[in-house]
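Hi there,

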Protein chains: 2
Amino acid sequence: MESGAPAVNVTLRDVAAASGVSVSTASRALDERAPATRSATAARVRAKAEELGYRRNSFASNLRRGQTQTLGVLVPRLSDTVMALMFEEIERAAADRGYFAMVATSGDDPEDEERAVETLLDRNVDGLILATARLDDELPRRLRDRGIAHALVLRTDGVSPSALGDDEAGGYLAVRHLIDLGHRDIAVVTGPSFTSSAIARLAGARNALDEANISPREQWMVAAGYGIENGFSAGESLLNTTGERPTAVFAANDNIALGIIAAAHRYGITIGEDLALVGYNDIPLASRLSTPLSSVRVPLDQIARTAIDLMVNPPKEPQIRKALPTLIPRASSGSLNHA
Amino acid sequence: MESGAPAVNVTLRDVAAASGVSVSTASRALDERAPATRSATAARVRAKAEELGYRRNSFASNLRRGQTQTLGVLVPRLSDTVMALMFEEIERAAADRGYFAMVATSGDDPEDEERAVETLLDRNVDGLILATARLDDELPRRLRDRGIAHALVLRTDGVSPSALGDDEAGGYLAVRHLIDLGHRDIAVVTGPSFTSSAIARLAGARNALDEANISPREQWMVAAGYGIENGFSAGESLLNTTGERPTAVFAANDNIALGIIAAAHRYGITIGEDLALVGYNDIPLASRLSTPLSSVRVPLDQIARTAIDLMVNPPKEPQIRKALPTLIPRASSGSLNHA
DNA sequence: CTGTTAGCGCATTCAC
DNA sequence: GTGAATGCGCTAACAG
């Protein structure tokens, strides 16, 4: 009789009995944290446990230990590819450190966000990772007040421990790239002004313009949402022919860029020829568009690891750690025609 | 002193003490399942609990109750929009029934899948929902043998309780649409042959062709992966000019369609004019492409609800429940030019 | 290294 | 309806 259907409820007691030791000995032998005792009995217990198909009851264990090796991740939505990728990386980084990552989605509503956090907290997570922070967000402050371990990713409120890309550098890189290709009529479509990412990417873009002595036309610096439809609207207003038209656009994320592509198509403008375009985040789709999209790549894996570190090992002084992004030039900026 | 920082550890005992009742009374008063006792004491207890910021310790509760009101969801990857949307719907449907949904991702590797399931099981989920089933999958069988409550979504192994779209109907709808628009040279790019969805969508497509007395050219019926790059390869081989070219393509998912769009662009073929294209799943991006993509929409919300029902309330006879999809015609099939 | 003892916080008997 | 008692399965003192 091999490992058929494992008994439904093998408890530590069963393992202990079968191994002829006490429950506490069995418990110790099976403690995954301690550096694996290599005594004879311990080995025997482990073998028996395996044989019986023992699985620790996580609830009993967590109840007793007072911590759960679980962390909660809050994202606005998983159907946003960037957020999905961010979560996948967090999941991976967490697993490497023995944590299990649980997601909850909150949409854009601060109330739902609150609710989602409470749900996560109800499951006794050891800490929280939030990808939802707004600049004026109350939530991180409240978490600090309540002494709940947490870290922010991708966006920051400027205070709580945060791991994010260096958005200012990214914005600079993108616009600098366009300038280097000879453009001077450059528009910037940035994200919602309550996100640190939008603000910083715009600031970086302005730095690049300044540096090249280009005085930005304010009607070409537009704040939008981070969705495709927002990019489309922004694109429509930038590209309609009644006025002068930019020859290049920096979109503060790839969704916005997708919207601009659709708008350009509508006006018969060819991306990569009539209009140079750079996006942000380098989602997988970017490289696979008809005209591949130049984009700023953010090291999500590194951000995930940093966030977990910050959460597990909260620094005395709150820190905001920024990872450097890189520009991936593709046909949409026309860079391949010039190279 | 309003609800400042809630005390860190308010237990049932504290609530009981503050209310002048025993723990058991407090426990009963706060039992969320029973139909809310409306006695005076019960109300007082609830008020006190609220006031003290009491939160039930889910571990203690679950340990005692023997079930966790948690279910595990397994998807290949969250960065696939369809999977992300599916999970979001499952999360919602689960919450409606008092369950919390936990995800794990398994990639395409059966071994990782196994590991992910064990991880979920280790967290004592009450049941599993799998979006990963292969036709010859061992996993569902093993779950059945072990008596673990589960349901399959989107794909089925043909045996375990499943909730999915009627893929055959969807395939039929898509191709029928193309035929109705006057096409006879129709190619079908389907998904991996180990998925029930690919098989069934192809079967539906063939039905539509048969019905119209079109004998499909086998070199135009190609099986691919479900990724953009697979669609691109398939598109390249279909659209290269050395042979006759189809005038219409049914892609068994939207990613494949995206790949075909890129391939078409490469050959200077205009989607919606030179080539009609229909995708599957109707991901949000579909409607926002430069040339909006006709696609078959699957009622993920309904599938999610059905899956939870099947899992919570396992039918005596295993059931495979199929939800009817609908075709959303857009410019990519040229339908808007004819209408 | 081992076994004994004592809970973690809660839900459910069982008497009243 | 209520309270006292019991234990879910496990881990952490504490002595040996």
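This is a predicted model: local features need pLDDT of at least 70, side-chain atom pairs count only at pLDDT 80 or more; totals for chains, interfaces and linings use all residues.

Residues are numbered from 1 along each chain as its sequence is written, and chains are lettered from A and ligands numbered from 1 in the order in which they are written.

Let's start where the chains meet. In chain A, 41 residues are in contact with 39 residues of chain B (contact means that C-beta atoms, placed from the backbone, lie within 7 Å). Several elements of chain A give two or more residues to this side, among them H4 (58-65), H5, strand S2 (100-105) and H6 (110-122). Helices here are DSSP runs of H or I with at least four residues, strands are E runs of at least two, and both are numbered from the N terminus. H5(A) gives the most, with six residues. By class, the side of chain A that touches chain B has 20 nonpolar, 11 polar and 10 charged residues (nonpolar: Ala, Val, Leu, Ile, Met, Phe, Trp, Tyr, Cys and Pro; charged: Asp, Glu, Lys and Arg; polar: the others, Gly among them).

The axes of H5 (residues 81-96) and H12 (residues 300-312) of chain A come within 8 Å and cross at roughly 50° (axes are lines fitted to C-alpha atoms, for helices over the stretch in contact, and angles run from 0 to 180 degrees between N-to-C directions).

Now for H4(B), residues 58-65, where Ser58(B), Phe59(B) and Asn62(B) are buried (20 or more other C-beta atoms within 10 Å of a residue's own, all placed from the backbone). These residues fall within an arc of 95° seen down the axis, so they line one face of H4(B); the arc is taken over the directions from the helix axis to the C-beta atoms. H4 and H6 of chain A are included in what covers them. Just after H4(B), Gly66(B) takes a positive phi of about 80°.

Finally, H1(A), residues 12-19, has Leu12(A), Val15(A), Ala16(A) and Ser19(A) buried. Those residues pack against H2 (23-29) and H3 (40-52) of chain A.

Happy exploring!

Methods
A residue is buried if 20 or more other C-beta atoms lie within 10 Å of its own, exposed if 12 or fewer, and partly exposed in between; C-beta atoms are placed from the backbone. Two residues are in contact if their C-beta atoms, placed from the backbone, lie within 7 Å.
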